[in-house]
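Here is a short briefing for a first look at this structure. Start with the cores, then turn to the sheet and its helices.

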Amino acid sequence: MKLLFIGDVVGETGCLFLQKKLPELKYLYQVDIAVVNGENSAVGNGITKYSSKQIFRAGADIITTGNHAFQRKNELDLYENEFIIRPANYSNACPGKGFVIYDMGICQIAMINLSGVLFLENLDNPFTVIDNLLEQIQTPNIFIDFHAEATSEKRAMGFYLAGRVTAVLGTHTHVQTADACILEHHTGYITDTGMTGVENSVLGINTQNAIDRLRLHAPIRYREAKGNCYLNAVLIDFDNKCGKCTKITPIIMR
(Lines give C-alpha, C1' and ligand atoms only; values in the text may rest on other atoms or scores of the structure.)
Protein backbone atom coordinates (compact mmCIF):
# COMPACT_ATOMS: atom_id res chain seq x y z
CA MET A 1 0.00 0.00 0.00
CA LYS A 2 1.02 3.62 -0.42
CA LEU A 3 0.72 6.61 1.89
CA LEU A 4 1.51 10.09 0.57
CA PHE A 5 2.59 12.60 3.20
CA ILE A 6 2.71 16.28 2.20
CA GLY A 7 4.81 18.87 4.04
CA ASP A 8 3.50 22.07 5.64
CA VAL A 9 1.03 23.83 3.33
CA VAL A 10 1.63 27.58 3.57
CA GLY A 11 -1.20 30.06 3.17
CA GLU A 12 -3.88 30.54 0.56
CA THR A 13 -1.37 30.13 -2.27
CA GLY A 14 -0.21 26.78 -0.91
CA CYS A 15 -3.80 25.56 -0.50
CA LEU A 16 -4.68 26.47 -4.08
CA PHE A 17 -1.53 24.79 -5.42
CA LEU A 18 -2.35 21.68 -3.38
CA GLN A 19 -5.79 21.58 -4.98
CA LYS A 20 -4.16 21.63 -8.42
CA LYS A 21 -1.47 19.03 -7.78
CA LEU A 22 -2.71 16.53 -5.19
CA PRO A 23 -5.25 14.79 -7.48
CA GLU A 24 -2.50 14.41 -10.10
CA LEU A 25 -0.08 12.98 -7.52
CA LYS A 26 -2.65 10.52 -6.20
CA TYR A 27 -3.31 9.24 -9.71
CA LEU A 28 0.36 9.19 -10.76
CA TYR A 29 1.54 7.18 -7.73
CA GLN A 30 -1.68 5.20 -7.11
CA VAL A 31 -1.91 6.57 -3.57
CA ASP A 32 -4.14 4.77 -1.06
CA ILE A 33 -4.17 7.47 1.63
CA ALA A 34 -3.03 11.11 1.64
CA VAL A 35 -1.96 13.02 4.77
CA VAL A 36 -1.26 16.76 4.76
CA ASN A 37 0.30 18.99 7.41
CA GLY A 38 -1.97 22.05 7.53
CA GLU A 39 -0.76 24.05 10.52
CA ASN A 40 0.31 27.01 8.34
CA SER A 41 -2.54 26.77 5.85
CA ALA A 42 -4.46 29.85 7.02
CA VAL A 43 -3.54 33.32 5.85
CA GLY A 44 -0.89 34.49 8.33
CA ASN A 45 -0.41 31.15 10.03
CA GLY A 46 -2.36 28.53 11.93
CA ILE A 47 -5.30 26.58 10.57
CA THR A 48 -8.95 27.53 10.18
CA LYS A 49 -12.11 25.71 9.21
CA TYR A 50 -11.86 27.36 5.80
CA SER A 51 -8.25 26.31 5.14
CA SER A 52 -8.92 22.78 6.40
CA LYS A 53 -11.85 22.50 3.98
CA GLN A 54 -9.54 23.59 1.17
CA ILE A 55 -7.11 20.81 2.09
CA PHE A 56 -9.81 18.15 2.31
CA ARG A 57 -11.27 19.40 -0.98
CA ALA A 58 -7.85 18.88 -2.57
CA GLY A 59 -8.05 15.19 -1.65
CA ALA A 60 -6.46 14.84 1.79
CA ASP A 61 -7.75 12.11 4.08
CA ILE A 62 -6.07 13.33 7.29
CA ILE A 63 -4.69 16.72 8.36
CA THR A 64 -1.89 17.01 10.91
CA THR A 65 -0.76 20.22 12.61
CA GLY A 66 2.00 21.46 14.94
CA ASN A 67 2.99 24.39 17.11
CA HIS A 68 0.42 26.68 15.43
CA ALA A 69 -2.44 24.22 16.06
CA PHE A 70 -4.20 26.61 18.46
CA GLN A 71 -3.13 29.91 16.87
CA ARG A 72 -6.72 30.82 15.90
CA LYS A 73 -8.62 30.84 19.20
CA ASN A 74 -12.02 31.27 17.53
CA GLU A 75 -11.46 28.24 15.25
CA LEU A 76 -10.79 25.52 17.82
CA ASP A 77 -14.04 23.69 17.05
CA LEU A 78 -12.40 22.50 13.83
CA TYR A 79 -10.88 19.72 15.98
CA GLU A 80 -14.35 18.20 16.29
CA ASN A 81 -13.40 16.62 12.96
CA GLU A 82 -11.62 13.41 13.99
CA PHE A 83 -9.44 13.54 10.88
CA ILE A 84 -7.79 16.80 11.96
CA ILE A 85 -5.26 16.03 14.69
CA ARG A 86 -2.90 18.09 16.85
CA PRO A 87 0.33 17.09 18.64
CA ALA A 88 -0.39 14.35 21.18
CA ASN A 89 1.94 15.87 23.75
CA TYR A 90 -0.32 18.87 24.30
CA SER A 91 -2.42 18.64 27.46
CA ASN A 92 -5.58 16.54 27.36
CA ALA A 93 -7.40 19.76 28.29
CA CYS A 94 -6.67 21.07 24.78
CA PRO A 95 -9.20 20.50 21.99
CA GLY A 96 -8.75 17.57 19.66
CA LYS A 97 -6.77 14.35 19.67
CA GLY A 98 -3.16 13.48 19.00
CA PHE A 99 -3.84 10.52 16.74
CA VAL A 100 -6.48 8.96 14.54
CA ILE A 101 -7.13 5.41 13.39
CA TYR A 102 -8.12 5.44 9.72
CA ASP A 103 -10.07 2.36 8.63
CA MET A 104 -9.28 1.40 5.03
CA GLY A 105 -11.27 -1.81 5.04
CA ILE A 106 -8.33 -4.06 4.19
CA CYS A 107 -6.38 -2.62 7.13
CA GLN A 108 -6.20 0.22 9.63
CA ILE A 109 -3.73 3.11 9.59
CA ALA A 110 -2.68 4.96 12.75
CA MET A 111 -1.58 8.56 12.16
CA ILE A 112 0.08 10.19 15.17
CA ASN A 113 1.05 13.86 15.55
CA LEU A 114 3.89 14.80 17.93
CA SER A 115 5.67 18.07 18.67
CA GLY A 116 9.33 18.43 19.51
CA VAL A 117 10.31 20.41 22.60
CA LEU A 118 13.82 21.68 21.72
CA PHE A 119 13.46 25.39 20.81
CA LEU A 120 9.66 25.02 20.84
CA GLU A 121 7.01 24.96 23.55
CA ASN A 122 7.70 23.12 26.79
CA LEU A 123 5.21 20.31 26.22
CA ASP A 124 5.15 16.76 27.56
CA ASN A 125 8.16 14.67 26.63
CA PRO A 126 7.42 13.30 23.12
CA PHE A 127 9.43 10.12 23.79
CA THR A 128 7.32 9.27 26.83
CA VAL A 129 4.09 10.22 25.05
CA ILE A 130 4.79 8.01 22.05
CA ASP A 131 5.60 5.03 24.28
CA ASN A 132 2.22 5.41 25.98
CA LEU A 133 0.39 5.76 22.66
CA LEU A 134 2.01 2.70 21.11
CA GLU A 135 0.68 0.61 23.99
CA GLN A 136 -2.86 1.63 22.98
CA ILE A 137 -2.62 1.12 19.22
CA GLN A 138 -3.30 -2.31 17.78
CA THR A 139 -2.51 -1.85 14.09
CA PRO A 140 1.11 -2.31 12.91
CA ASN A 141 0.67 0.47 10.32
CA ILE A 142 1.78 3.48 12.34
CA PHE A 143 2.90 6.82 10.91
CA ILE A 144 4.31 9.75 12.89
CA ASP A 145 4.31 13.42 11.92
CA PHE A 146 7.07 14.70 14.20
CA HIS A 147 6.78 18.48 14.08
CA ALA A 148 10.09 19.65 15.53
CA GLU A 149 12.72 22.36 15.17
CA ALA A 150 15.92 20.50 16.05
CA THR A 151 17.43 18.04 13.60
CA SER A 152 18.98 16.16 16.52
CA GLU A 153 15.59 15.62 18.16
CA LYS A 154 14.07 14.37 14.91
CA ARG A 155 16.96 12.00 14.21
CA ALA A 156 16.86 10.69 17.76
CA MET A 157 13.12 10.00 17.47
CA GLY A 158 13.67 8.16 14.21
CA PHE A 159 16.20 5.80 15.75
CA TYR A 160 14.12 5.47 18.92
CA LEU A 161 11.12 4.25 16.93
CA ALA A 162 13.07 2.21 14.36
CA GLY A 163 11.41 -1.17 13.99
CA ARG A 164 8.38 -0.06 16.03
CA VAL A 165 6.48 2.14 13.56
CA THR A 166 6.08 2.31 9.78
CA ALA A 167 7.46 5.82 9.31
CA VAL A 168 8.69 8.91 11.15
CA LEU A 169 8.17 11.99 8.98
CA GLY A 170 9.62 15.31 10.11
CA THR A 171 7.87 18.64 9.57
CA HIS A 172 8.16 22.28 10.70
CA THR A 173 11.41 23.53 9.13
CA HIS A 174 9.90 23.70 5.60
CA VAL A 175 13.03 22.55 3.72
CA GLN A 176 13.07 18.98 2.42
CA THR A 177 16.14 17.14 3.68
CA ALA A 178 18.25 14.67 1.70
CA ASP A 179 18.29 11.87 4.29
CA ALA A 180 15.25 9.76 3.40
CA CYS A 181 16.01 6.16 4.38
CA ILE A 182 14.63 3.00 5.97
CA LEU A 183 15.84 2.42 9.52
CA GLU A 184 16.34 -1.12 10.83
CA HIS A 185 14.93 -2.44 7.52
CA HIS A 186 11.48 -1.41 8.76
CA THR A 187 10.87 2.30 9.49
CA GLY A 188 10.80 4.97 6.79
CA TYR A 189 12.43 8.20 7.92
CA ILE A 190 13.08 11.75 6.74
CA THR A 191 14.18 14.68 8.92
CA ASP A 192 11.93 17.15 7.12
CA THR A 193 9.36 16.58 4.39
CA GLY A 194 9.50 20.20 3.23
CA MET A 195 6.64 22.57 2.45
CA THR A 196 3.96 23.34 -0.11
CA GLY A 197 3.90 26.98 -1.11
CA VAL A 198 5.87 29.66 -2.95
CA GLU A 199 9.34 28.33 -3.79
CA ASN A 200 11.10 31.72 -4.09
CA SER A 201 10.48 32.61 -0.46
CA VAL A 202 11.80 32.22 3.08
CA LEU A 203 9.75 29.23 4.25
CA GLY A 204 6.73 30.60 2.39
CA ILE A 205 7.22 34.18 3.62
CA ASN A 206 7.97 37.20 1.43
CA THR A 207 11.78 37.27 1.12
CA GLN A 208 12.37 40.99 1.72
CA ASN A 209 9.92 40.94 4.60
CA ALA A 210 11.83 38.06 6.25
CA ILE A 211 15.23 39.67 5.59
CA ASP A 212 14.13 42.99 7.10
CA ARG A 213 12.83 41.35 10.24
CA LEU A 214 16.02 39.33 10.76
CA ARG A 215 18.43 42.15 9.78
CA LEU A 216 16.72 45.04 11.55
CA HIS A 217 15.16 43.16 14.48
CA ALA A 218 12.12 45.34 13.92
CA PRO A 219 8.50 44.26 14.64
CA ILE A 220 7.73 43.63 10.99
CA ARG A 221 4.69 41.48 10.30
CA TYR A 222 5.34 38.52 8.02
CA ARG A 223 3.49 38.44 4.69
CA GLU A 224 2.85 35.41 2.54
CA ALA A 225 5.07 35.25 -0.55
CA LYS A 226 3.64 35.40 -4.06
CA GLY A 227 4.93 33.54 -7.10
CA ASN A 228 5.47 30.05 -8.48
CA CYS A 229 4.83 27.20 -6.07
CA TYR A 230 6.19 23.76 -5.41
CA LEU A 231 4.88 20.80 -3.44
CA ASN A 232 7.15 18.74 -1.17
CA ALA A 233 6.05 15.27 -0.14
CA VAL A 234 7.17 11.76 0.73
CA LEU A 235 5.63 8.57 -0.62
CA ILE A 236 5.76 5.57 1.71
CA ASP A 237 5.28 2.08 0.26
CA PHE A 238 4.45 -0.33 3.07
CA ASP A 239 3.36 -3.89 3.81
CA ASN A 240 0.02 -3.47 5.57
CA LYS A 241 0.24 -6.93 7.15
CA CYS A 242 3.33 -6.16 9.25
CA GLY A 243 3.64 -2.36 9.02
CA LYS A 244 7.03 -2.48 7.32
CA CYS A 245 8.12 0.38 5.06
CA THR A 246 9.46 -1.15 1.85
CA LYS A 247 10.29 2.09 0.02
CA ILE A 248 10.47 5.81 0.80
CA THR A 249 10.43 8.30 -2.08
CA PRO A 250 10.89 12.07 -1.62
CA ILE A 251 8.85 14.10 -4.10
CA ILE A 252 9.14 17.69 -5.30
CA MET A 253 6.50 18.81 -7.79
CA ARG A 254 6.67 22.24 -9.38
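A nonpolar core is a set of buried Ala, Val, Leu, Ile, Met, Phe, Trp, Tyr and Cys residues joined through side-chain atoms within 4.5 Å. The model discussed here is predicted. Its largest nonpolar core has 31 residues.

**Cores**
- Within the largest core, L4, I6, L18 and L231 touch the most other members.
- β1 (2-6), α1 (11-29), β3 (33-37), α2 (49-58), β12 (229-239) and β13 (244-253) each give two or more residues to this core.
- Helix α1 provides the largest share, five residues.
- Leaving aside residues up to four places away in sequence, L4 touches L22, L25, V31, I33, A34, V35, A233, V234, L235 and I251.
- Another core, of 21 residues, lies apart from the largest one. I112, I137, L161 and V165 are among its members.

**Sheet**
- Six strands make an open, mixed sheet, ordered β5-β6-β7-β8-β10-β9.
- β5 (99-103) and β9 (181-183) are at the edges with a single partner strand each, so one side of each has no neighbour in the sheet.
- From one strand to the next, the twist averages 25°.
- Strands β7 (residues 142-147) and β8 (residues 167-171) run parallel and are joined by five bridges.
- In β8, A167 stands opposite F143.

**Helices on the sheet**
- Helix α3 (residues 126-136) lies across β5, β6 (108-115) and β7, at about 165° to β6.
- Helix α4 (residues 151-161) packs on the sheet and touches β6, β7, β8, β9 and β10 (187-190). The direction of α4 makes about 170° with that of β8.

Key. Residues numbered from 1 in each chain as written. Predicted model: local features only at pLDDT ≥ 70, side-chain atom pairs only at ≥ 80, totals over all residues. Heavy atoms only, no water. Pairing = 2+ DSSP bridges. Helix = DSSP H or I, 4+ residues; strand = E, 2+ residues; numbered from the N terminus. Axes fitted to C-alpha atoms, helices over the stretch in contact; angles between N-to-C directions. Contact = heavy atoms within 4.5 Å. Buried < 20%, exposed > 50% of the residue type's maximum accessible area, 1.4 Å probe, protein only.
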